[in-house]
There are 2 protein chains.
Amino acid sequence: MTKPRYALYYWPGIQGRGEFVRLAFEATGTPYVDVARGPGGVAALRRFLDGHAPGMLPFAPPFLVVDEIVLAQTSAILAFLGPRLELVPDDEASRLAAQQIQLTIADLVGEAHDTHHPVATSLYFEDQRAEATRRAHHFVREQIPKYLGWLERVLERGPGGLDEGGRGARAATPFLLGTRVSYADLSLFQVVEGLRYAFPRAMEAEEKAIPRVVAVHDQVAREPRVAAYLASERRLPFNESGIFRHYPELDRECSP
Amino acid sequence: MTKPRYALYYWPGIQGRGEFVRLAFEATGTPYVDVARGPGGVAALRRFLDGHAPGMLPFAPPFLVVDEIVLAQTSAILAFLGPRLELVPDDEASRLAAQQIQLTIADLVGEAHDTHHPVATSLYFEDQRAEATRRAHHFVREQIPKYLGWLERVLERGPGGLDEGGRGARAATPFLLGTRVSYADLSLFQVVEGLRYAFPRAMEAEEKAIPRVVAVHDQVAREPRVAAYLASERRLPFNESGIFRHYPELDRECSP
C-alpha cells in the first residue's frame, strides 16, 4: 500500500484554522504539502473554491485533498486524520470525546475571530471597532473562562469522565484522552497560544484558574516534533490578518 | 441485541440546535426520550452540565446519552447517529460529505444566532439592538446567499461532485447524497425553515436563486414521518427565545 499524499489548502501568510491541521501533520512527522504556500499558490486553492476541481466543493479553507477526497471543515479534517495519524485512541468513546472537544475548541476559535469582526467579515476591523470593543469585553470576561474552564474540568475528571460512583473512571493522565498526545491536545495547545497572543492580559489572569490546561499546553510544546516545528520557518508568526489578533484595546484592562 | 435507548437533552420550549437531532429520530421513527421536556425537566439536564452525571462533561446542550456515551455538539451527534439510523450512505466519501455539509450548516446556524446576539449571549437582544441591526444587514445580504448558494452548487454538482472531466460524477439526485434522505438533507430543511421564519423578506428574495435547495427542503417536508412530526405537538413552534428569531427590523427592507 502506498502512503497517501496529503495536500492541505489554506491561505498562506496566516496560521488561522489551517494551523490545527498543520499541527496534526507536524506532530506526527507526516509528509504533507501546504499547497498555497508552494509554487501553486493561492490560484491552486481558488480553483477548488471556484468549482473547477473534481470532487466535493469546499465551502472555505482549510480543506484537505487526499486520493479522491476533498474535505473541508477543520473538525471534519481532524476526525478523518485522527485515526490515520494515530492521533486518537482506538476506542469509540475516545474518538467521540476527541470530536466534541475539537468542536468546542472550534466554537471558541470562532468567538475569538468575532471579537475583531463582530459585524461582518467583509468589513475592516476599523469599521467595526466600537462593536468589537463591546464584544471583546464580554469575550474575555465570560467566554474565555467558560471555554477554558470546561477544558480544565474535563481534564480534572480524566479520560472517560466520572464513573457511576462519581469518581474519575481512570487516573488523571498527562493528555486529554490518556497517556499519548491526541489531536484534541494539539488544538488545546493552539487555542491557548492564540489567546495568549491576542489577549495577553486576560490570559495572564485566567491561567491561574486552569493549571491542567496549561500543563497540557506545555506538554504539547515539549513534544520533540512539535518543538522542532515551532522553531522552524514553517510555523508562521501570529499577525493581525489571522484569527487571533492582538488589538490591545480588546484585551482586559491592566487592573481588572 | 437490545435496541439502544436514546436520550436527548436539550432546553425545552425551543427548537434550537436540538431540533436537528430530533429530526433525525423523527424522520426514522426511532424511539427517543426528549428528557428535559419530560418529568425529569431541566434539572435532569443541569445534572450533566453541573458535572454530577457520569461520563464526559458536556459543554452545552444538545447532548445525547446512550449506553455509556455522553456526546455533545450537534454535528458530532449527527455523525454518530447517521450510520446507526441509516441516515447516511455506507461509503466513506458520503459520510465525509455529510459531515462537512452538516458543519457548514452549523456555521450558518451560529451566524443566524449572532444576528440577534452580536455582542454577548449574556445580554438581552434589546441591549444589543444597534449592533444586531448592523450585523443582520450583512447577514441577509452576504451570508445567506453565500451559504445557501454553496448548498445549491453542491446539489448542482451532484453526490460525489465533479469527475476529472469536469462533469457531475453521478446523475443529479433528489437528495444531497443520493436517492435517500440523509441527515444533511434534514438539516438543510431545518435551516431553510428557520431562515424563512426569521428573515421572510430576505428568503423570499433569495429562494429564486436556489431552486435545488428549495426542492430538497420540499422533498424532506413530504417524507411521511417528517410530515407527521411537523403536524404533531412534538414540533415546537419557532419563537423569540430560540436561535431563529423574527425581529422584522433585522430582515431585509421591503424593497431591496
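Mentor: Lys and Arg count as positive and Asp and Glu as negative, while His and the chain ends are left out. A charge is placed at NZ of Lys, CZ of Arg, CG of Asp or CD of Glu. This is a predicted model, in which local features need pLDDT of at least 70. Residues are numbered from 1 along each chain as its sequence is written.

Trainee: What does that count give for the positive and negative side chains of chain A?

Mentor: Chain A has 29 positive and 33 negative side chains, with the centres of the two sets 2 Å apart.

Trainee: Why is chain A called as compact as a globular protein of its length?

Mentor: The radius of gyration is taken over C-alpha atoms, and the globule rule is 2.2 Å times the number of residues to the power 0.38. For 256 residues the rule gives 18 Å; chain A has 19 Å, which is close, so the chain is as compact as a globular protein of that length.

Trainee: Why is Glu19(A) called buried?

Mentor: Buried means under 20% relative accessible area, exposed over 50%, and partly exposed in between (1.4 Å probe, protein chains only). Glu19(A) has 0% relative accessibility, so Glu19(A) counts as buried. Of the 256 residues of chain A, 59% count as buried.

Trainee: What makes a residue a contact of Glu19(A), and which residues does Glu19(A) touch?

Mentor: Contact means heavy atoms within 4.5 Å. Leaving out residues up to four places away in sequence, Glu19(A) touches Gln190(A), Tyr229(A) and Arg235(A).

Note on methods
Chains lettered and ligands numbered in written order. Predicted model: local features only at pLDDT ≥ 70, side-chain atom pairs only at ≥ 80, totals over all residues. Heavy atoms only, no water.
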